[in-house]
Amino acid sequence: YATLIVMLGALPGVVSLIDRREADLLPLMPLHGLFYTLTFGLPVFSSKMDWSRVNSAVITDALVLTILGLICLYVGYYASRGLYSRSLRPIRFLNDVPLKRRIGIAWILYGMSMLFHLVPALGSLPSVGQLSMPLGYLSTGILFLLALDKVVSKKHLILLTAAIGFSLTIKLLSGSLAQAVFLLVFLGILYWGKKRSMPWGLILISSVIAILLNPVKHIYREYTWVAADSSSQSYVHKARMFYKATYDYYANDDTVSSGGINTGVVNRIGHSISVFADVINMTPEQVPYWLGGSYQTLWTSFIPRFLWPGKPQATIGNEFGHRYNFLGPTDKTTSHNLPWLPEFYANFGIFGVLGGMFAVGVLFRFLVQKLSVPIGSGIEYVLGATVTFSLFYAESNFALMVGGVLTTYLALLILLRLLTLDSIPAVTNRWRLTRWHFRR
């Protein structure tokens, strides 16, 4: 069953290599399939996976339901291709933007993303904090594509390299390795779209971060997160603590002699399938079906918080952790990741898995048909990649991840339109010239 999950997860990638129509779309589904290969399939082969809360029969049920869910996902995605391809056209909102202006826009966006790190209070503003990461992806992606086209000067290339390095450092020092890896994966998508070859350098760096630094992460968090001055620690101090955590872990003789991939790495990667098995084991005998309770915030997530200051906070991760005894009874702050498959089952059982995955497939097809433009369109392509990229790693609850897509896209679209307002007169002049020829 695990082998079949690995193969099914790779299927969308194979289809995109064979079918030109799929290859021209944003690679949301190939990445999503890869997510299931890496987190639901491969960890099962490791003897270091912790299955202490479930028995082998429940593990088998989880694997079989994953297979059925993937089949429904692909049926929804590929069956709706014909419908959407006839009725939906990609969103195009920018005219030809001169090279110099594109570079300037990208650096403005990067500066805006850096403001969230230099002025942390910005992240707490209603509807503003969620733009921090998309702004970083969008700005870096625009510059990265221009660099691949070899149309930027050596000065900008050096600045871009420094900007990517700085962004990776900031993400690592936050204590979350996933965000650093995701940035590299995002750049890898753009590299593949432009070059049609594997970005082996980015893959190597991502693997090093994910495998070698994951056990260091826990020591680093103890040095920084639980410290009394955690909120006022400088990046220099955090960098020293990160070096100390790395040294403390790898200087340990037992660590070096044990060899292989750390148990914590395996169980972190296999978090989703492990949680899925736990949910199947406890639902509904010990924990009643949620009956849509985890999706309540989805219907209000499209309303910006600055329009509704009292909008309820999404605390599903903490509530889920308590429902299934992943968190202690007094822990009111920790959010336990709730992947989509376990969430579908926790709400509606087997039918939730089958119907939910089918609906996700239809949604993904709509998004890629609407947001996929030729990669030569530059800014618009990177915008589409930025918005859809956040959905591929389905390890947080559905409402949290999907609910912010529309507002994020609209906010970035408006921002880009404002930064390219000088192109409007050119459009107006061309329209007037066309009308003059028509009258003549």
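At what angle do H4 and H15 pack, and how far apart are their axes?

**View 1. Packing of helix H4 against helix H15.** The two helices pack at an angle of about 110°, and their axes are 9 Å apart. Because angles of 65 to 115 degrees count as roughly perpendicular, H4 is described as roughly perpendicular to H15. The crossing in which H4 passes H15 is right-handed. On the H4 side, the contact is formed by Val58, Asp61, Ala62, Leu63, Leu65 and Thr66, which meet Ile273, Phe276, Ala277, Ile280 and Asn281 of H15. By class, these residues comprise 8 nonpolar, 2 polar and 1 charged. H4 spans residues 56-79 and has the highest confidence in the chain, with a mean pLDDT of 97.

**View 2. Crossing of helix H15 and helix H17.** H15 covers residues 271-282 and H17 covers residues 340-371; their axes come within 9 Å and cross at roughly 50°. H15 and H17 are therefore oblique to each other. Their crossing is right-handed. Ser272, Val275, Phe276, Val279 and Ile280 of H15 are in contact with Leu341, Pro342, Tyr345, Ala346 and Val353 of H17. This contact contains 9 nonpolar residues, 1 polar residue and no charged residue. Phe276 and Ile280 of H15 are among the residues that meet H17, and Phe276 and Ile280 are also among those that meet H4.

**View 3. Helix H1 alongside helix H3.** H1 (residues 2-18) and H3 (residues 28-41) pack at an angle of about 165°, with 8 Å between their axes. H1 is therefore roughly antiparallel to H3, as angles over 145 degrees are classed in this way. The crossing of H1 past H3 is left-handed. H1 contributes Ala2, Ile5, Val6, Gly9, Ala10, Pro12, Gly13 and Ser16 to the contact, while H3 contributes Met29, Pro30, Gly33, Leu34, Tyr36, Thr37, Phe40 and Gly41. Of the residues in this contact, 10 are nonpolar, 6 are polar and none is charged.

View 4. In H11 (residues 214-224), the buried residues are Asn214, Pro215, Val216, Lys217, Tyr220 and Thr224. Their cover includes helix H8 (154-173), helix H9 (177-195), helix H10 (200-212), helix H12 (235-250) and helix H14 (263-269). Ser206 is located in H10. The relative accessible area of Ser206 is 10%, so this residue counts as buried. With neighbours within four places in sequence left aside, Ser206 is in contact with Val181 and Leu184.

**View 5. Gln313 in the loop between H15 and H16.** Gln313 occupies the loop that lies between H15 and helix H16 (316-323). Its relative accessibility is 59%, and Gln313 therefore counts as exposed. Ser301 lies 12 residues from Gln313 in sequence, and the two C-alpha atoms are 9.8 Å apart in space.

View 6. The chain has a mean pLDDT of 87, and 90% of its residues reach 70 or more. Confidence is lowest in H21 (residues 424-439), where the mean is 42. The pLDDT is below 50 over residues 424-440, and this stretch has 3 contacts in the model beyond near neighbours in sequence. Where pLDDT is low, predicted coordinates should not be read in detail.

Methods. Residues are numbered from 1 along each chain as its sequence is written. This is a predicted model: local features need pLDDT of at least 70, side-chain atom pairs count only at pLDDT 80 or more; totals for chains, interfaces and linings use all residues. Side-chain values use heavy atoms; hydrogens and water are left out. pLDDT is the predictor's confidence in each residue, from 0 to 100. Helices (H or I, at least four residues) and strands (E, at least two) are DSSP runs, numbered from the N terminus. Contact means heavy atoms within 4.5 Å. Axes are lines fitted to C-alpha atoms, for helices over the stretch in contact, and angles run from 0 to 180 degrees between N-to-C directions. Angles under 35 degrees count as roughly parallel, over 145 as roughly antiparallel, 65 to 115 as roughly perpendicular and the rest as oblique. A crossing is left-handed if the near helix is turned anticlockwise from the far one by less than a right angle, and right-handed if clockwise. Ala, Val, Leu, Ile, Met, Phe, Trp, Tyr, Cys and Pro count as nonpolar, Asp, Glu, Lys and Arg as charged, and the others, Gly among them, as polar. Buried means under 20% relative accessible area, exposed over 50%, partly exposed in between (1.4 Å probe, protein chains only).
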